[in-house]
Number of protein chains: 2
Amino acid sequence: MIENTKRLPVLRVNEQGRRKTDAVVVSEFPLTIILDDLELVTLLCSPKDMDCLAVGFLFAEGFIEDKRGIKKIAVDEQRGVARVTRESPAEVDRDILFKRLITSACGRGAGYYSAVDARLAAKVDSRTSITPDDVYSLIEEFNRTSRLFKETGGVHGAALCDTKHILVFCDDVGRHNAVDKVFGKCILEGISTEGRIMISSGRTPSEMILKASNGRTPILISISAPSDLGVRLANDLGVTLIGFVRGRDMTVYTHDWRVTDV
Amino acid sequence: MIENTKRLPVLRVNEQGRRKTDAVVVSEFPLTIILDDLELVTLLCSPKDMDCLAVGFLFAEGFIEDKRGIKKIAVDEQRGVARVTRESPAEVDRDILFKRLITSACGRGAGYYSAVDARLAAKVDSRTSITPDDVYSLIEEFNRTSRLFKETGGVHGAALCDTKHILVFCDDVGRHNAVDKVFGKCILEGISTEGRIMISSGRTPSEMILKASNGRTPILISISAPSDLGVRLANDLGVTLIGFVRGRDMTVYTHDWRVTDV
């Protein structure tokens with residue numbers, strides 16, 4: 001039995017008729033993140049790598065920059081609480097927090113599309129390049145690694161790679177959580193995300209691009225489709241956005257100079 | 001050219017080589033919802049049925065109960081603002097709002113899993129039933145209707161149905177938005193959701209179940225997979241959860257007494 005899943009009794013109906021059987025479903029777990037005694041948010045997540053999720057979320061939301069900023073992480077798996085203490089706790093503006101958290105949510109939020117916020121986001125200027133063959137073989141490796149998805153159809157995967165191999169892979173019921181977990185794991189394990197490649201199994205809306213630019217990751221590969229706003233943002237932030245990788249076919253939406261022949 | 005999409009220049013790479021061409025991507029639009037002069041949230045959405053989205057969002061979040069509660073709706077498509085004025089504006093508790101909005105987001109939130117919140121959610125006790133053949137033919141109609149998805153791979157669809165046909169169909173870049181639009185359209189057009197059937201193209205995590213129980217919709221059909229928490233919640237709230245409908249094969253996770261042979 002694969003981890004982070006449960007076997008539940010179900011009714012299966014098909015041409016052979018009706019029968020009581022059981023099915024594997026993915027687990028969803030409420031994790032509350034407490035930052036310096038302030039209850040920040042409760043995420044629904046896959047109950048694995050929860051320390052990485054907490055750290056990656058705090059990184060994406062701008063509360064921490066690197067490992068040195070973290071004094072202590074304590075995950076209480078019974079109660080569903082991740083408590084992160086910073087070296088130098090700063091006051092959290094509840095009103096800004098409110099806006100940021102909305103922004104961080106799937107399909108909910110657009111805080112960053114204002115001129116002010118776009119200026120705050122860092123443009124990625126890495127010279128990393130990749131060949132189409134490397135993209136195809138990274139995606140093959142990614143698909144092989146996504147076992148939980150294949151088993152349950154219920155999770156998203158994300159990975160940090162160099163041009164040849166996957167360095168860190170995480171999956172989660174939440175598309176954003178999977179990406180946050182990858183960045184969190186990189187921070188905790190001292191793996192640089194700069195100049196590297198991010199793969200996401202999900203669609204690539206605008207916030208994925210922001211997470212990539214945040215981590216100075218110049219190439220974002222998605223199996224699925226981007227939005228027009230995502231393409232605009234990737235263009236503005238210097239991120240090479242590759243989508244719809246199917247077999248030996250792919251579409252490069254922005255900064256295609258990073259896709260080279262050799 | 002299909003609505004809510006844009007054609008953008010891209011680099012296509014496949015076995016035929018590299019060529020500059022263009023590709024259709026789905027539009028993503030930031031819509032700010034203002035309720036009685038309070039700026040509530042900015043959603044990233046597909047720029048269609050935005051009045052329905054605003055109303056459906058306010059319904060899902062408990063700010064309005066029906067059409068009678070709405071005095072005026074004004075959508076400014078230029079500025080991306082939907083302003084909804086209620087007949088009897090009530091004070092909005094910012095702290096509760098904060099928690100609710102987090103909960104409403106994809107993969108973010110678990111407010112409802114506390115005992116208190118579960119008690120507040122209404123159990124659906126409708127006697128509506130459906131045959132497997134009706135499920136298969138509804139899903140066929142649903143798939144035919146999802147043109148935008150087929151064209152761009154970037155949106156989710158949702159539909160309200162009786163046992164024979166789709167009554168309301170909406171799509172959106174956000175899975176939750178699509179469902180909110182359907183409920184909003186029902187409220188605005190006076191279509192009862194009670195005792196009816198909801199279809200979602202996306203996964204069915206716990207919040208989908210809450211939206212269904214909110215609308216007293218007893219049957220939720222998904223093409224994709226539920227989570228263990230979603231199954232538990234559907235079980236508790238009296239919702240029949242059908243998933244993984246592929247051809248003439250489906251899995252009934254909860255309350256399978258509503259799936260009848262005739």
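Chain A of this predicted model exposes about 10,800 Å², of which carbon and sulfur atoms supply 47%; accessible areas come from the Shrake-Rupley method with a 1.4 Å probe, and for residues only the protein chains shown count as cover. Of the 262 residues in chain A, 61% are buried, where buried means under 20% relative accessible area, exposed over 50%, and partly exposed in between (1.4 Å probe, protein chains only). Chain A has eight helices and twelve strands, the helices (H or I, at least four residues) and strands (E, at least two) being DSSP runs numbered from the N terminus. Among contacts in chain A between residues at least 6 apart in sequence, 50% join residues at least 24 apart, a contact meaning heavy atoms within 4.5 Å.

Residues are numbered from 1 along each chain as its sequence is written, while chains are lettered from A and ligands numbered from 1 in the order in which they are written. Local features need pLDDT of at least 70 and side-chain atom pairs count only at pLDDT 80 or more, whereas totals for chains, interfaces and linings use all residues, and side-chain values use heavy atoms, with hydrogens and water left out.

An open sheet is formed by eight strands drawn from both chains, in the order β2(A)-β1(A)-β12(B)-β11(B)-β10(B)-β9(B)-β7(B)-β8(B), with mixed pairing; two strands pair if DSSP finds at least two bridges between them. At its edges stand β2 (17–26) of chain A and β8 of chain B, each of which pairs on one side only. From one strand to the next the twist averages 25°, with axes taken as lines fitted to C-alpha atoms (for helices over the stretch in contact) and angles running from 0 to 180 degrees between N-to-C directions.

| Strands | Bridges | Facing residues |
|---|---|---|
| β7(B) (156–161) and β8(B) (166–172) | six | Cys161(B) and Ile166(B) |
| β7(B) (156–161) and β9(B) (197–200) | four | Leu160(B) and Met198(B) |
| β11(B) (240–246) and β12(B) (249–252) | three | Ile242(B) and Val252(B) |

Strand β7(B) is mostly covered, six of its six residues being buried. In a regular strand the side chains alternate between the two faces of the sheet. On one side of β7(B) lie His156(B), Ala158(B) and Leu160(B), and on the other Gly157(B), Ala159(B) and Cys161(B), all of them buried. With β8(B), this strand forms a hairpin that has four residues between the two strands. Helix α6 (residues 175–189) of chain B lies across β7, β8 and β9 of chain B, and runs at about 140° to β8(B).

A search of the whole structure finds four aromatic pairs over all chains; rings of Phe, Tyr and Trp (its six-membered ring) pair if their centres lie within 6.5 Å, and planes under 30 degrees apart count as stacked, over 60 as edge-to-face and the rest as tilted. The rings of Phe59(A) and Phe183(A) have centres 6.0 Å apart and planes at 35°, so this pair is tilted. It links distant parts of the chain, with Phe59(A) in helix α1 (residues 50–60) and Phe183(A) in helix α6 (residues 175–189) of chain A, 124 residues apart, and both residues are buried. Phe142(B) and Phe169(B) form an edge-to-face pair, 5.5 Å centre to centre with 65° between the planes. Here Phe142(B) belongs to helix α4 (residues 132–145) of chain B and Phe169(B) to strand β8 of chain B, 27 residues apart. Phe142(B) counts as buried at 1% relative accessibility, and Phe169(B) is buried with a relative accessible area of 18%.
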